[in-house]
Amino acid sequence: MAYTLGIDGGGTKTELVAVSEDGSLLYRAAGGSTNPHAVTTAAAIRELLALLEAAFADGRLAGRELTGVCLGLSGVDLPAERRAFEDALGGFLRERLGRDVPFALLSEAEISLMAAVGQPNGLLAVSGTGSIVYAVEPDGTRHRAGGWGHLLGDEGSGYAIGVRALKAAMASYDGTIPPTAIAPMLLAALSLRELPELKSYIYQPSIAKADIAAFAKLAIDACEAGDAAATEIVRAEAEALAATAAGLLDRLPAFAAERVAFAGSVFCSSAAFRDAFARALRARHPGVRFEAPAEGEPRTPAEGAALLARSRYSSSHGRDPRS
């Protein structure tokens, strides 16, 4: 009995799943960040190998043969970064299993597209902790816009929305904007008595990008409740990310006929964000179409990665010529 592994590594968390030859889910686990720019390369590799070790030790995979692994790791772009991960993973699999196991280090775009539309090519807009837009050709050639991190970009990301939510709360305290529901939600979330205490919390050395991005949920929830400040934040950030997508389509007009798939926690949790993004992108590219959200629980990118590994490495499926 064989299985394949899929791994989705992000700036906040990493998910690992195993699927059988018939595509059934066998195992799922989550860990911390494996993005070398969110943590160090060494820490990211340690987290990746710890997740793999826990999977191999789990009884649900006992007696089964691992035939291949596909990984989509955000932030692993430079040749030196790829070599570091490939060397570590190849060595670990060889030592742990006593044999070479084929694996492919792909992009978050390919595994997310596989999860969303059943193929690793097309258009993908991502809004999670960070943001990026991908266009992936059938031969695997990738084009991108955005994804430059929270200091250089990440428009329309959880981080950008979270920062604006925090600023809106303080602006309402100062009286420069009308009262916003974000303020009491923030006090409750952090168990603060009054908003000036937020300064001491936010400027702690331990507060990371992911902590700021988590406040996006407050803006999204307040937007759904009709709060004016939150609605403006969600709309403006969706339009900013749509402008990034439009810029990519300006350069690649052949992709204008492709459906756009969505990925990331912000797209998944906010219909208002998705709708504002779609309206703004259609204003620049009227012919663009959007992948309808899946009914029920959508596949995760890690599941997409595992299914890609199944198509490449399982004996019951033809191998991808790029493997």
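The model is predicted, so local features need pLDDT of at least 70 and side-chain atom pairs count only at pLDDT 80 or more, while totals for chains, interfaces and linings use all residues. Residues are numbered from 1 along each chain as its sequence is written, and side-chain values use heavy atoms, leaving out hydrogens and water.

**Strand E2 and its cover**
- Strands (E, at least two residues) and helices (H or I, at least four) are DSSP runs, numbered from the N terminus.
- In E2 (residues 14-20), 7 of 7 residues are buried (under 20% relative accessible area; exposed is over 50%, partly exposed in between; 1.4 Å probe, protein chains only).
- Thr14, Leu16, Ala18 and Ser20 lie on one side of E2, with Glu15, Val17 and Val19 on the other.
- In a regular strand the side chains alternate between the two faces of the sheet.

**Partners of E2**
- Strands pair if DSSP finds at least two bridges between them.
- E1 (residues 2-9) runs antiparallel to E2, joined by 7 bridges, and Leu5 has Ala18 as its bridge partner.
- A hairpin with 4 residues between the strands is formed by E1 and E2.
- E3 (residues 25-31) is also antiparallel to E2, with 6 bridges; here Leu25 stands opposite Val19.
- Gly23 takes a positive phi near 90° in the hairpin of E2 and E3, which has 4 residues between the strands.

**An exposed leucine**
- Leu151 sits in the loop between strand E8 (142-146) and helix H4 (158-174).
- Leu151 counts as exposed because its relative accessibility is 76%.
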